[in-house]
Amino acid sequence: MSKDIKYEAAYAELQAIVRKMENDELDIDQMSEQLKRAQELIKLCKDKLTKTDEEIKKILANS
Amino acid sequence: MITKRFSLFELNRLVRETLECEMPNEYWVEAELSECRESRGHCYMELIEKDEKTATPIAKASAKCWASKWMLVRPNFERTTGLHLVAGMKVLLKVYPQFHEAFGFSWIVTDIDPTYTLGDMARKRQEIIRQLKEEGVFDLQKELSLPLFCQRIAVISSETAAGYGDFCNQLSDNPYGFQFQSWFFPAMMQGEGVEQSIIQALNHINAVCEDFDCVVIIRGGGATSDMSGFDTLALAENVANFPLPIITGIGHERDESILDMVSHTRVKTPTAAAALLIDHLKQVLDTINNSQNSIARSVQQKLSTLKAQLSTVSETIPRLFSIVKTRQEARLDTLGQRIPMLIERRLTNACHHLEIIEEKVKSLDPQLLLKRGYSITLHHGKTVRDPRQLHQGDEIETRLEKGTLKSIIK
């Protein structure tokens, strides 16, 4: 998985997965793979949020 | 008709005797001096009276002051007026008439009233002032202002007096290290010719007035207190109309001269004139320094205000971001929880489909037919649906409910 993916892109992909699932557009065979992907995306997004929060605090503390 | 003939001497003596007899007294007479010169201790004057309107002479006479009187009269006059007796002055003389057979008529002066001359000069000064005001030029110099950086000075002074040197020394020794440049324009600063030579110097300066910031007219110590040269209409007009500010330092204790009145600024001495210029520049420097300080101060104030605003903002940012973060995390969690649910639903559905199909499959199981007594004939593992498929001697397999039997076609 690319670390360079933007938060917005990751979130959009996550939404797309959910939408496909809601619409039964996914093959059963893809299910576990997509679930894995979804969890990766969620972790990525949460990490980005945490990292941004820390960076903001660090930047402001230095100024 | 023959009458008595006189010799000139006899007739002149008759005039003299008549005069001495008829006019034995002393008289006070007002007159203008048209000439005045000293010779061997005596003073010889020419008196004149002009018609007030036409200025043509209506009376003339010679007058003499003998040395014995002159040595008293002259110091008294000069002490009181500060002036020498010169042509053009109005005087009040105490005189008696004298007619000499050989030298003719003359008034003999025994006293001069200096206050009359002073009064007359004051009147003349008032007249000049009135005229300057009428012309609207009296205050023109006052409307000018010294340039901020008044450093290029045109100096009108006499070559002989120490005034110019004092002025230059004072300027160059200023404690602030200011640089001044001065140019010297020589002129007579006392006696006759003051008016003309100062006007001439002003004309020279005017021709290159772009090169100067102001004009200084100064006269060193030791000069007489004769100010009459500075009290003329022509000089006053030239000074008043001059395009640059003029500072006068012509040193005198008594009343201001008209030159002083019309100039931009008057001071007493050349040194004071230099001090004025230094002071002016010092004030400009102070203004600049003050402005610099107040600019720095207001910039600092502005900066600290902005800093305070920034720190308020920077305190707000983490708070705002944590709101964003919480919201985003909630959305992520929602999505994260939704996916397993969706998967489960999908799998359940798939299972259900499978079960239905299983049922269908079960209902089509051939074993059920066999149980009911039907059988299935196979040839080489394939179902035989038509006897024409088979030939004599083919081995066939028949599947029954409880087993298989093999047979040969006859």
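Colleague: Start with chain A. How many helices and how many strands does the secondary structure of chain A come to?

Modeller: Two helices and zero strands. Keep in mind that this is a predicted model.

Colleague: What percentage of chain A is buried?

Modeller: Buried residues make up 17% of its 63 residues. The label needs 20 or more other C-beta atoms within 10 Å.

Colleague: Why is Asp24(A) called exposed?

Modeller: The cut-off for exposed is 12 or fewer neighbours. Asp24(A) has 12 C-beta neighbours inside 10 Å, so Asp24(A) counts as exposed. Asp24(A) is found in the loop between helix 1 and helix 2 of chain A.

Colleague: What else marks Asp24(A)?

Modeller: Its phi is positive, near 55°, and the residue is not a glycine.

Colleague: Now the interface. How many residues of chain A are in contact with chain B?

Modeller: 21 residues of chain A are in contact with 17 residues of chain B. A contact here means C-beta atoms within 7 Å. On the chain A side, helix 1 (7–22) and helix 2 (28–62) each supply at least two residues. The largest share, 13 residues, comes from helix 2 of chain A.

Colleague: Over to chain B. How do you know that the length of helix 2 of chain B agrees with its residue count?

Modeller: Helix 2 of chain B covers residues 67–81, which is 15 residues. The expected span is 1.5 Å times one less than that number, so it should be 21 Å. The end C-alpha atoms are 20 Å apart, which agrees.

Colleague: Which residues of helix 2 of chain B are buried, and what covers them?

Modeller: Val73(B), Phe77(B) and Thr81(B) are the buried ones. Their cover includes strand 3 (57–65), strand 5 (104–113) and helix 3 (114–135) of chain B. After helix 2 of chain B comes Gly82(B), with a positive phi near 75°.

Colleague: What makes strand 1 and strand 2 of chain B a pair?

Modeller: Pairing takes at least two bridges. Strand 1 (residues 27–39) and strand 2 (residues 42–50) of chain B have seven, in the antiparallel sense. One of the bridges joins Glu32(B) to Ile48(B). The two strands form a hairpin with two residues between them, and Arg40(B) in the turn has a positive phi of about 50°.

Colleague: And strand 2 with strand 3 of chain B?

Modeller: Eight bridges, again against a threshold of two. The sense is antiparallel. Glu46(B) stands opposite Ser62(B) in strand 3 of chain B. Six residues lie between the strands of this hairpin, and Ala55(B) takes a positive phi near 65°.

Colleague: Is Ala55(B) buried or exposed?

Modeller: Exposed. The limit is 12 or fewer, and Ala55(B) has 8 C-beta neighbours inside 10 Å.

Colleague: Which sheet of chain B has parallel pairing?

Modeller: The open sheet of five strands, in the order 7-6-8-9-10. Its edge strands are strand 7 (181–186) and strand 10 (265–267) of chain B, each pairing on one side only. The twist averages 20° from one strand to the next.

Colleague: How do you know that strand 9 and strand 10 of chain B pair?

Modeller: They share three bridges, and at least two are needed. Ile247(B) has Thr265(B) in strand 10 of chain B as its bridge partner.

Colleague: Why are strand 12 and strand 14 of chain B called edges?

Modeller: Their open sheet has four strands in the order 12-11-13-14, paired antiparallel. Strand 12 (382–383) and strand 14 (403–408) of chain B each have a single partner strand, so one side of each is left without a neighbour in the sheet. Strand 11 (residues 376–379) and strand 13 (residues 395–400) of chain B pair over three bridges. There, Leu378(B) has Glu397(B) as its bridge partner.

Colleague: Last one. Which residues have the most contacts inside the largest nonpolar core?

Modeller: Val215(B), Val216(B), Ala236(B) and Val262(B), in a core of 44 residues. Beyond its neighbours within four places in sequence, Val216(B) is in contact with residues including Ile153(B), Phe167(B) and Ile247(B). A second, separate core has 16 residues, among them Met45(B) and Trp107(B).

Terms used
Residues numbered from 1 in each chain as written. Chains lettered and ligands numbered in written order. Predicted model: local features only at pLDDT ≥ 70, side-chain atom pairs only at ≥ 80, totals over all residues. Contact = placed C-beta atoms within 7 Å. Core = buried A, V, L, I, M, F, W, Y, C linked by C-beta atoms within 7 Å. Axes fitted to C-alpha atoms, helices over the stretch in contact; angles between N-to-C directions.
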